[in-house]
Amino acid sequence: MAPSSLARGAAVAAALLSSCGTWASAEGSPKAARGGTGGDGVGGGGGLRRNRDRPRRLRKQQTRRKSHPERAEGATILDEEDVAFWTRQLVGERGKGTDSGGGSLPFVPRPPSPPIGPEGPRPTPFPTVRPTPRRPPSPIPPDVATPLPTDPAFATPAPFDTPAPTDAMIQTPAPTDAVVPPGPPPITPFPTAGPPVTDPPVPATAAPTGPCGLTRDERRAQILDNLSVVTFPDAFDVVNSPQRKALDWIVDDDGRKVCPDDGGLVQRYALSVFYYSTKGDFWKQCSAPSQFAPAQIAAANAACTLTTANATAIFPGDVRGSNAWLTPSSECEWGGISCYGPATPKAYKVNVVEFENNDLGGALPAELSRLKDLRFLALERGGLAGPIPASYGDLKSLLLMDFDFNELTGQLPSALWKLTGLRQLDLNDNEFTGTLSSDIGKLKQLRFFQIDNNNIEGEIPKALGDIPNLSLIGLSGNDFTGAMPSQVCDLRPSPLQTLVVDCGLECQIPECCTACVPERRE
């Protein structure tokens, strides 16, 4: 027959108390096992309740025995209520203390229970009571007050006197397996104001040491900008164009190092364009040196003997020379050039450009029209081709235009008739075509007009007789038709002293024409 519930409880209590260092009899009364009446008031009342509940527990035990017939007869079986009861009893005994000193009983680990064997039942081990896990301490040190969480956007910055952080404040807690709920963000100490941060000193950039106080690129850009009113800018983009060569020479090779704001820039540029446009490197005389070194410059100057021979008697006060072109000297001293004298209002402005039989080639550049004070333009006996630029009509000071014995083509530009101060217009022996405009009558100062040996056709204009001071007219070697106008014949014999036409033209000799030239044979 199974032991009574009280006996089982006493045996379990004795085993538990023995493991904790307290003696209890396995055969003692339930009251003694529960700690008597002295303690926390569980002794007497607890026994009565357990007696009243005995039938119900017996039924549960019988049910367990039926469910587990393999357990030995008489083995002590504890149900949940027994465990709860004796657990309360143990807690009471430890609270009272049974050692002589009256203090708390020391905790002694319970030895492992021996396995159940054939020798009989063994005491059922008391179930392990697991302590409730405690939340690990907050990583915020206890000495630092934890602020209430606030919206970071409205967080108030720490005051300026915030103490410097200590090791306790910045100590990192050891990692634990427990899940720690996120706390408020750590308090960041206010940064200590240090010396102002300044940029490292930037070394001063040395001023440009090139000509005119500019770098090469700056000087070139400014010169180009100023010359864009003289030449169409697109011409500077054409490699090997006369304009591009002239610009590069002024910027890089001209020993004179003209500044962008120099008053002589345009004049020097226009003449250098003329040099490159008329194949200056192949002239008979006064070509630029192959290299712009002092020795080569001196040699080129010595080889140049060209002067403005025909204009010297007319303009004896001009500044002139016989230096090679594109040398560092003033352009007024280049061979074939003379300029107004220093005592004149137009001092050092180009006055004369005179070349005869110097093998000029290429074409007449429009830039030459920028020489506004030019009075003599004589380019005789060369190989110039192409038309006369219309811009030459802007040479209002021009007195003489002599392009004879070249290969110029095209019609005579109407702009020529704007040169009302012109005294001599000499265009013979070229390849001009078209007709002779009646606007020629506007040249009231004209004394000398020669257009022989071209391809002009049509009738001779009557307006030619409106020029009062004409002394020579040469019209032969063309394809004029009709008769000489009476207005022209009225100029004979004075002032008109010479009037030469083709023999096929109707003109009375010597009353009107002074001579006729037989028709040319191809």
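Two residues are in contact, or touch, when they have heavy atoms within 4.5 Å of each other. By that criterion, valine 353 touches Leu271, Phe274, Gly336, Ile337, Leu371, Leu374, Phe376, Leu377, Ala378 and Leu379, when residues up to four places away in sequence are not counted. The model is predicted, so that local features need pLDDT of at least 70 and side-chain atom pairs count only at pLDDT 80 or more, while totals for chains, interfaces and linings use all residues. Residues are numbered from 1 along each chain as its sequence is written, and side-chain values use heavy atoms, with hydrogens and water left out.

**Nonpolar cores**

- A nonpolar core is a set of buried Ala, Val, Leu, Ile, Met, Phe, Trp, Tyr and Cys residues joined through side-chain atoms within 4.5 Å, where buried means under 20% relative accessible area, exposed means over 50%, and partly exposed lies in between (1.4 Å probe, protein chains only).
- In soluble globular proteins, nonpolar side chains tend to be buried together.
- The largest nonpolar core has 79 residues, of which Trp325, Val353, Leu377, Leu379, Phe403, Phe449 and Met484 touch the most other members.
- At least two residues of this core come from each of α7 (216–227), α8 (242–253), α9 (265–277), β2 (337–339), β3 (350–356), β4 (376–380) and β14 (498–502); here helices (H or I, at least four residues) and strands (E, at least two) are DSSP runs, numbered from the N terminus.
- The element that gives the most to this core is α9, with 7 residues.
- Another core, of 6 residues, lies apart from it, and its members include Ala311, Val352, Phe376 and Leu400.

**Helix α8 against helix α9**

- The axes of α8 and α9 come within 8 Å and cross at roughly 130°, where axes are lines fitted to C-alpha atoms, for helices over the stretch in contact, and angles run from 0 to 180 degrees between N-to-C directions.
- Angles under 35 degrees count as roughly parallel, over 145 as roughly antiparallel, 65 to 115 as roughly perpendicular and the rest as oblique, and α8 and α9 are therefore oblique to each other.
- On the α8 side, the contact is made by Pro242, Gln243, Lys245, Ala246, Leu247, Trp249 and Ile250, and on the α9 side by Leu265, Arg268, Tyr269, Ser272, Val273, Tyr276 and Ser277.
- The residues of this contact between α8 and α9 divide into 9 nonpolar, 3 polar and 2 charged; Ala, Val, Leu, Ile, Met, Phe, Trp, Tyr, Cys and Pro count as nonpolar, Asp, Glu, Lys and Arg as charged, and the others, Gly among them, as polar.
- Within α8, the residues Gln243, Ala246, Leu247, Trp249, Ile250 and Val251 are buried, and what covers the buried residues of α8 includes α7 and α9.

**Helix α7 and leucine 227**

- The axes of α7 and α9 come within 11 Å and cross at roughly 80°, and the two helices are therefore roughly perpendicular to each other.
- Where these helices meet, Ile223, Asn226 and Leu227 in α7 face Leu265, Val266 and Tyr269 in α9 as contact partners, and the residues of the contact divide into 5 nonpolar, 1 polar and no charged.
- Leucine 227, which has its place in helix α7, is buried, with a relative accessible area of 0%.
- Leucine 227 touches Phe236, Leu247, Leu265, Val266 and Tyr269, again not counting residues up to four places away in sequence.
- Leucine 227 and leucine 247 are 20 residues apart in sequence, and their C-alpha atoms are 8.8 Å apart in space.

**Loops and backbone details**

- Alanine 463, in the loop between β11 (455–459) and β12 (472–474), is buried, with a relative accessible area of 14%.
- Alanine 463 touches Ser438 and Gly441, not counting residues up to four places away in sequence, and its C-alpha atom is separated by 7.8 Å from that of glutamine 487, 24 residues apart along the chain.
- A cis peptide bond with omega of about 10° joins serine 494 and proline 495, and proline 495 is found in the loop between α12 (486–489) and β14.
- A cis peptide bond with omega of about 5° joins isoleucine 509 and proline 510, and proline 510 is in the loop between β14 and β15 (515–517).
- Lysine 257, in the loop between α8 and α9, has a positive phi near 50° although it is a residue other than glycine, and lysine 257 is partly exposed, with a relative accessible area of 33%.
- Arginine 381, in the loop between β4 and β5 (385–386), has a positive phi of about 50° although it is not a glycine, and arginine 381 is partly exposed, with a relative accessible area of 39%.
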